[in-house]
Amino acid sequence: MKGTYITPELGFISDKPEEPKLSRPEKTYTSRQYFTGEYNQDSELIKEYNFNGIEAQLISAKRGKLAVINHAGFNKFSVCQNCGYTEINTNKSISKHKTPWGQDCTGKRRVFSLGYEYNTDIFQLKFKNSYFGQEKDGYWESVLYGMLEGISQALGIERRDIDGCLYPYTGDPLNPALVFYDTVPGGAGHVERIIKKNNFEKVLKKTKEIVSRCECGGDEGDTSCYGCLRNYSNEYCHNILKRKYVIEFINNLELID
Ligand SMILES: [Zn+2]
Ligand SMILES: [Zn+2]
């Protein structure tokens with residue numbers, strides 16, 4: 001019979017072997033999410049702010065497409081082109097293995113990151129031609145995770161229900177968009193609230209409060225902790241997150257005292 005077989009471990013397996021079907025990423029490695037830049041243009045809401053010469057653009061939209069990528073700690077994965085057997089890449093031939101039907105497999109490997117895409121509500125924050133000291137390592141990551149705490153607490157959204165990433169839409173990684181999104185596929189109406197009423201101001205104010213009242217790193221604030229910027233989902237950058245960058249960022253906007 002022609003058609004598609006489904007197995008719990010491997011997802012869809014077709015009788016055309018050129019498209020290897022991948023097993024789910026190993027749980028031991030954290031996935032990272034990236035914004036693809038695509039979203040539903042018809043749903044777009046834009047708001048502009050001018051903070052004493054710093055021009056900010058807020059863009060809220062539905063059906064933003066995110067890519068979830070598992071790099072296996074940047075080793076990537078070896079995937080058998082014949083049967084889809086997957087293991088962490090060691091830069092050697094793929095291990096001896098059997099096909100899902102129990103036969104010895106001699107397929108050749110290809111190296112992949114494992115990933116999938118989903119759509120959700122997104123909120124982007126862009127700054128035009130502004131300098132924030134962003135050449136400092138961890139500057140934008142600190143601002144991103146500071147604002148996520150601010151959004152969560154100012155708007156009463158569970159932190160795990162939202163997340164964020166940097167999106168270098170200009171091609172310049174020093175001037176990325178900050179992208180915030182609902183973690184539930186399809187979106188749950190969380191981040192779309194940021195652009196409404198004066199919620200953005202509330203978020204900035206709460207963000208500053210969170211990073212100012214934390215005491216990690218002393219007066220300098222030259223680090224971060226689980227009380228301000230760190231959580232299990234941003235372990236990849238804990239060593240570069242500094243609450244002082246978030247304080248600098250919000251002071252630059254000179255919006256609030
Ligand atoms: Zn194989
Ligand atoms: Zn802290």
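Biologist: Great. What kind of model is this?

Modeller: This is a predicted model.

Biologist: And how many helices and strands are there in the protein chain?

Modeller: The protein chain has three helices and 13 strands.

Biologist: What share of the residues counts as buried?

Modeller: The chain has 257 residues, and 44% of them count as buried. As for contacts in the chain with a separation of 6 or more, 63% come from residues 24 or more positions apart.

Biologist: Let's go to the helices. How do helix 1 and helix 2 cross?

Modeller: Helix 1 covers residues 139-155 and helix 2 covers residues 199-213; their axes come within 7 Å and cross at roughly 115°. Helix 1 and helix 2 are therefore roughly perpendicular to each other. Their crossing is right-handed.

Biologist: Which residues make that contact?

Modeller: From helix 1 there are G146, M147, E149, G150, I151, Q153, A154 and L155, and from helix 2 there are N199, F200, K202, V203, L204, K206, T207, I210 and R213. Sorted by class, this contact of helix 1 with helix 2 has eight nonpolar, five polar and four charged residues.

Biologist: What about helix 1 and helix 3, how do their axes cross?

Modeller: Helix 3 runs over residues 243-253, and its axis and that of helix 1 come within 8 Å, crossing at roughly 80°. Helix 1 and helix 3 are therefore roughly perpendicular to each other.

Biologist: Which residues meet there?

Modeller: Helix 1 brings Y139, W140, S142, V143, G146 and M147, while helix 3 brings Y245, V246, E248, F249 and N252. By class, the contact of helix 1 with helix 3 has seven nonpolar, three polar and one charged residues.

Biologist: Now aromatics. How many aromatic pairs does the structure hold?

Modeller: It holds 15 aromatic pairs. In one of them, F123 and F200 have ring centres 6.4 Å apart and planes at 45°, so the pair is tilted.

Biologist: Where do F123 and F200 lie?

Modeller: F123 is in strand 11 (residues 114-128) and F200 is in helix 2, so this pair ties together parts that are 77 residues apart in sequence.

Biologist: Are those two buried or exposed?

Modeller: F123 is buried, at a relative accessible area of 0%, and F200 is buried too, at 1%.

Biologist: Which residues do ring pairs link into a cluster?

Modeller: The cluster has F127, F132, Y139, W140, Y245 and F249. Among these, Y139 and W140 of helix 1 and Y245 and F249 of helix 3 are also in the list of residues where those helices meet.

Biologist: New topic: D163. Where does it lie, and is it buried or exposed?

Modeller: D163 lies in strand 12, residues 162-167. D163 counts as buried because its relative accessibility is 15%, and the cut-off for buried is under 20%.

Biologist: What is D163 in contact with, leaving aside its neighbours within four places in sequence?

Modeller: With those neighbours set aside, D163 is in contact with Y145, L148, V179, F180, Y181, T183 and S233.

Biologist: And I46, where is that one?

Modeller: I46 is in strand 4, residues 45-51. I46 is partly exposed, with a relative accessible area of 44%. Beyond its neighbours within four places in sequence, I46 is in contact with Q57, L58, I59 and I195. I46 and A61 are 15 residues apart in sequence, and their C-alpha atoms are 8.9 Å apart in space.

Biologist: Last one: what are the phi values of R63 and K197?

Modeller: Most residues other than glycine have a negative phi. R63, in strand 5 (residues 54-70), has a positive phi near 55°. K197 has a positive phi near 45°. K197 sits in the loop between strand 13 (177-182) and helix 2, and K197 counts as exposed at 72% relative accessibility.

Biologist: Thanks, that helps!

Technical notes. Residues numbered from 1 in each chain as written. Chains lettered and ligands numbered in written order. Predicted model: local features only at pLDDT ≥ 70, side-chain atom pairs only at ≥ 80, totals over all residues. Heavy atoms only, no water. Axes fitted to C-alpha atoms, helices over the stretch in contact; angles between N-to-C directions. Helix = DSSP H or I, 4+ residues; strand = E, 2+ residues; numbered from the N terminus. Parallel < 35°, antiparallel > 145°, perpendicular 65-115°, else oblique. Left-handed = near helix turned anticlockwise from the far one by under 90°. Contact = heavy atoms within 4.5 Å. Nonpolar A, V, L, I, M, F, W, Y, C, P; charged D, E, K, R; others polar. Phe/Tyr/Trp six-rings, centres within 6.5 Å; stacked < 30°, edge-to-face > 60°. Buried < 20%, exposed > 50% of the residue type's maximum accessible area, 1.4 Å probe, protein only.
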